Amino acid sequence: MSVTIYHNTACGTSRTTLQLIRDAGIEPVIVDYVKQPPTRAELIDLIARAGLSVRAAMRDKGALYDELGLADAALSDEALLDAMQAQPILINRPFVVTELGVRLCRPADKVSEILPISS
């Protein structure tokens, strides 16, 4: 099974998710999304396939979120996407893509929903 993780090595949840994938016997494609952010179209696709709103896909912790005033409920999805494209660290993580679906794996064990069941 092909698995891709949009990973940030500085994130404990992302590291745990990566280990869960490896524990399932799968070596995923690892995309350091901070250095290689998804295109806008890819980001929109990830969010939609995960069944999330744009706001739910945004990391709301940290100074940058506050500094940019991103908590403002009046901001449009387009404005939030603009912010995530300009500052990829604002993309919540980790997103995992498999043939069984896409999940924002927070908590990390959500990845089990889209990995093959071991027999």
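User: Which strands does α2 lie across, and at what angle does α2 run to β3?

Analyst: First, some ground rules. This is a predicted model, where local features need pLDDT of at least 70 and side-chain atom pairs count only at pLDDT 80 or more, while totals for chains, interfaces and linings use all residues. Residues are numbered from 1 along each chain as its sequence is written, and side-chain values use heavy atoms, with hydrogens and water left out. Helices (H or I, at least four residues) and strands (E, at least two) are DSSP runs, numbered from the N terminus. Now your question: α2 lies across β1, β3 and β4, and runs at about 80° to β3. Axes are lines fitted to C-alpha atoms, for helices over the stretch in contact, and angles run from 0 to 180 degrees between N-to-C directions.

User: And which strands does α1 lie across?

Analyst: α1 lies across β1, β2 and β3, running at about 165° to β1.

User: In what order do the strands sit in the sheet?

Analyst: Two strands pair if DSSP finds at least two bridges between them. Here 4 strands make an open sheet, ordered β2-β1-β3-β4, with mixed pairing. β2 (29-32) and β4 are at the edges with a single partner strand each, so one side of each has no neighbour in the sheet. Ignoring direction, neighbouring strands are turned by 15° against each other on average.

User: How many bridges join β3 to β4?

Analyst: There are 4 bridges between β3 and β4 (residues 101-104), and these strands run antiparallel. A hairpin through 2 residues connects β3 to β4. Phenylalanine 95 sits opposite leucine 104 in β4, and threonine 98 has glycine 101 as its bridge partner there. On the β1 side, β1 (residues 3-7) pairs with β3 in the antiparallel sense, also over 4 bridges, with valine 3 opposite threonine 98.

User: Which way do the residues of β3 point?

Analyst: Phe95 and Val97 point one way from β3 (residues 95-98), Val96 and Thr98 point the other way, and all are buried. Buried means under 20% relative accessible area, exposed over 50%, partly exposed in between (1.4 Å probe, protein chains only).

User: How do I read a pair of packed helices?

Analyst: Two packed helices are described by the angle between their axes and the distance between the axes. Take α2 (residues 40-49) and α4 (residues 77-86): their axes come within 11 Å and cross at roughly 120°. Arg40, Leu43, Ile44 and Ile47 of α2 meet Glu78, Leu81, Asp82, Met84 and Gln85 of α4, where contact means heavy atoms within 4.5 Å. By class, the contact has 5 nonpolar, 1 polar and 3 charged residues. Ala, Val, Leu, Ile, Met, Phe, Trp, Tyr, Cys and Pro count as nonpolar, Asp, Glu, Lys and Arg as charged, and the others, Gly among them, as polar.

User: What is serine 14 in contact with?

Analyst: Serine 14 belongs to α1 (residues 12-23) and is buried, at 0% relative accessible area. Neighbours within four places in sequence aside, serine 14 is in contact with Ile5, Tyr6, His7, Asn8, Arg93 and Pro94.

User: How many disulfides does the structure hold?

Analyst: A disulfide is a covalent bond between the sulfur atoms of two cysteines. The cut-off is a pair of cysteine sulfur atoms within 2.5 Å. This structure holds 0. The sulfur of cysteine 105 is 11 Å from the closest cysteine sulfur, in cysteine 11, which is too far for a bond. Cysteine 11 is buried at 7% relative accessibility, and cysteine 105 is buried at 0%.
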